[in-house]
Protein chains: 2
Amino acid sequence: MLASARRSRSTRPLPYPVRFAVLGGGSFGLALASVLGKKSIPVTILVRKEDVAEHINLHHRHPTYLSDISLAPTIRATTIPEEALNDASFIIHAVPVQYSRKFLEDIAPHVPKNTPIISTSKVSYHCWFSSLCYSFLFVGRLNLILSPSLPSCPPPLQGIETGTLCMMQDILLETLGPNRETAYLSGPSFAREIALGLVTAVVAASESEALANEICDIMGCNYFRVFTSTDVVGVEVGGAVKNVIAIAAGMCEGLGLGTNAMAALVTRGCNEMQRLALSLGARPTTLTGLSGVGDTFGTCFGPLSRNRNLGVRLGKGEKLEDILGSSTEVAEGHATAFSLVQLIEKTNRAYRRELEFPIIYGVKEILEGKRTPAEGLRDLMAMPVRVEMWNL
Amino acid sequence: MLASARRSRSTRPLPYPVRFAVLGGGSFGLALASVLGKKSIPVTILVRKEDVAEHINLHHRHPTYLSDISLAPTIRATTIPEEALNDASFIIHAVPVQYSRKFLEDIAPHVPKNTPIISTSKVSYHCWFSSLCYSFLFVGRLNLILSPSLPSCPPPLQGIETGTLCMMQDILLETLGPNRETAYLSGPSFAREIALGLVTAVVAASESEALANEICDIMGCNYFRVFTSTDVVGVEVGGAVKNVIAIAAGMCEGLGLGTNAMAALVTRGCNEMQRLALSLGARPTTLTGLSGVGDTFGTCFGPLSRNRNLGVRLGKGEKLEDILGSSTEVAEGHATAFSLVQLIEKTNRAYRRELEFPIIYGVKEILEGKRTPAEGLRDLMAMPVRVEMWNL
């Protein structure tokens, strides 16, 4: 399930000048484009709607997302895949995991053979209830490029594809071929702060160390600090689990359980993240870094997290349906909790083991309505004590 | 310097009924007393002032600290060491590290031979400028019990004694004898929340596993969850370093650098904590638990941390002298930063190595006035990138 074909060191010659294609005009794609734009690197953003492309090209800002932040004139937008992809040196994939397979299958013919993909699972602004519309729109429209930033798209999943339980690495390799170099950006990185030029540190994980180093050199600058790693699984698992922990932390806050309880819950959540990652082949130290503990810090305590906000509202007694209905935004952690439980049960069965993840399971059961946030958190807090078991 | 005399499994018979002495009537001592009180365990708090003892005995609350929270009637206070100590089954030491040596030397004759000490470095409400008064008061007054909660005491140090660079374990063993069983409580645990009965999880670390288990059983309850560990050094180092990280996180906030930057800084701070602990003989996993990452979560992001607040005010441009002068509270991290740098330099020299701790050093230099918070944080953010080095 988790593809692990080892990449050899890159010998790919870089086209000159370097040019990036960004797939998806959501906040995070725009934020990364803005970083490259400030370095005068040409970027073409592939968006779905002609009027959005025109607006970006004319006004150098997106009409909806981060619309108060102007983009460098080297950033262009188009709705035509060939135009964005043909001579791209790097492709940034900023499309939610959940639609990535179909999306990538559709654009695969236009993706140059040797161009590496830099995947980021940071997505934003989705409408849960429009998934049916999305399915209808997509069928038979090969050239339709779906912007992940538009409300008319299905519920997002950060990190794990529903049904197949694949992570982005698997989806990329299955749709674009097994010999393609891929990298995965993660870390505490709210899009708005990046676009404002505030200091942000991320990890670029790739099985190709050469690609990770290239990304570090080309994308990095004085405020966008790119560290490298070869632990793709660790980085992907961290990105998925942290959103579920953030929902739990938010519920803690909404219920007024205090800082002590929240800090304890988040710490135990990070331990679940580490254990899960380790069980899937990651290195435990990865999860103590930016893509694990770091991203969890930002997501659980920063004011910008949708997942935490979902938890806070649930903790305060709002109904899940009302929260989802009142917002065009959906927290990735909502769907991820369900997929993670499926993934854990699948791997537990496969390896005949019984690893337990009470926080991930607890959040899922609260989201299912099987228990209230107060009941669920009470059970989580009644954690069995004795040796502080960080049984990695 | 770090005593590591291995304790054998305890065979000490417990006096019946169990009775606790709490040394120091500060917020944390009171909070732990309240936990025991709710379990109907008799507690005697040793305080300095007769009127404080009388107030507690009459009104079942401290006149100054957590004064809105009533204590169980089984909690008594006294100013007479013998009365508190003579038949105590356990002694909770809630006196700041900085005064602990002198304090313990003075009460040593009254401490029963086999009674274990449970140390907590949680201290509160100190006045930086009154250290001279303190020295004056203490000299020659063997029976003077100094409450750590009173403003008339010297600048507190969490975890490391100025000059000797000893941690609490060394001080306890040197003053009360090498054969005494000791344990160390740590974790995200704001005193007010404990006293209010909000869920809190802590670690009791002791080289005697039997003692740690006893503490878990006797002090633990449905809202005060006590995990156990045998890694005393790890727990002590975590408790010291987290306050320095919190000052850095606060400066980040005060300077408006954003959540991404703060999360990255805290993550790197946790890595410094792990590396330092490891270099002093701790187990790295301890620092991923409640006493490391967990306590850092609470301290950096909770609203109750004096260390974070000190950083916020520094970041907003206030002068250190003005902050210290305007408050009777002093953040432990202030003095700890200086002691940690000395400790690092001492161990680097001893082991002929050059371990680097940019955040600890950076905070110290800002506190010394060698650079402004903006300059210091800018340098910290210009972290060299490449492989995400968690070089434990």
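Predicted model: local features only at pLDDT ≥ 70, side-chain atom pairs only at ≥ 80, totals over all residues.

Visitor: What is the area buried between chain A and chain B?

Guide: Buried area is the accessible area (1.4 Å probe) that two parts lose on being put together, summed over both. Here about 4,400 Å² is buried between chain A and chain B, and carbon and sulfur atoms give 63% of that area. On the side of chain A, the residues that lose the most area to chain B are A:N260, A:F297 and A:R386, together 18% of what that side buries. Counted by contact (heavy atoms within 4.5 Å), 53 residues come from chain A and 52 residues from chain B.

Visitor: How many residue pairs are in polar contact across the interface, and how many salt bridges are there between the chains?

Guide: A polar contact is a pair of N or O atoms within 3.5 Å; within protein, one must be able to donate a hydrogen and the other to accept it, and residues adjacent in sequence count only if both atoms are side-chain atoms. The rule finds 12 such residue pairs between chain A and chain B, both residues at pLDDT 80 or more. A salt bridge requires a side-chain nitrogen of Lys or Arg within 4 Å of a carboxyl oxygen of Asp or Glu, and the count between the two chains is zero.

Visitor: Which helix gives the most to the side of chain A that touches chain B?

Guide: Helices (H or I, at least four residues) and strands (E, at least two) are DSSP runs, numbered from the N terminus. Helix α10(A) gives the most, with 10 residues. A:T259 is found in that helix. Leaving out residues up to four places away in sequence, A:T259 touches B:F190, B:E193, B:G298, B:G302 and B:P303.

Visitor: Is A:T259 buried or exposed?

Guide: Buried means under 20% relative accessible area, exposed over 50%, and partly exposed in between (1.4 Å probe, protein chains only). A:T259 has 12% relative accessibility and therefore counts as buried.

Visitor: How many residues of helix α6 of chain A are buried?

Guide: Eight of the nine residues in α6(A), residues 168-176, are buried; among them are A:M168, A:I171 and A:L172. They pack against β4 (90-93), α4 (97-107), β5 (117-120), β6 (182-186) and α9 (232-254) of chain A. Just after the helix, A:G177 has a positive phi of about 100°. In chain B, α6 also has eight of nine residues buried, so the rest of the structure largely encloses that helix. B:G177 follows α6(B) with a positive phi near 105°.

Visitor: Which residues touch the most other members of the largest nonpolar core?

Guide: A nonpolar core is a set of buried Ala, Val, Leu, Ile, Met, Phe, Trp, Tyr and Cys residues joined through side-chain atoms within 4.5 Å. The largest one has 247 residues, and A:F20, A:M219, A:F224, B:F20, B:M219 and B:F224 touch the most other members. Beyond four places in sequence, the contacts of B:F20 include B:L36, B:F90 and B:M219.

Technical notes: Residues numbered from 1 in each chain as written. Chains lettered and ligands numbered in written order. Heavy atoms only, no water.
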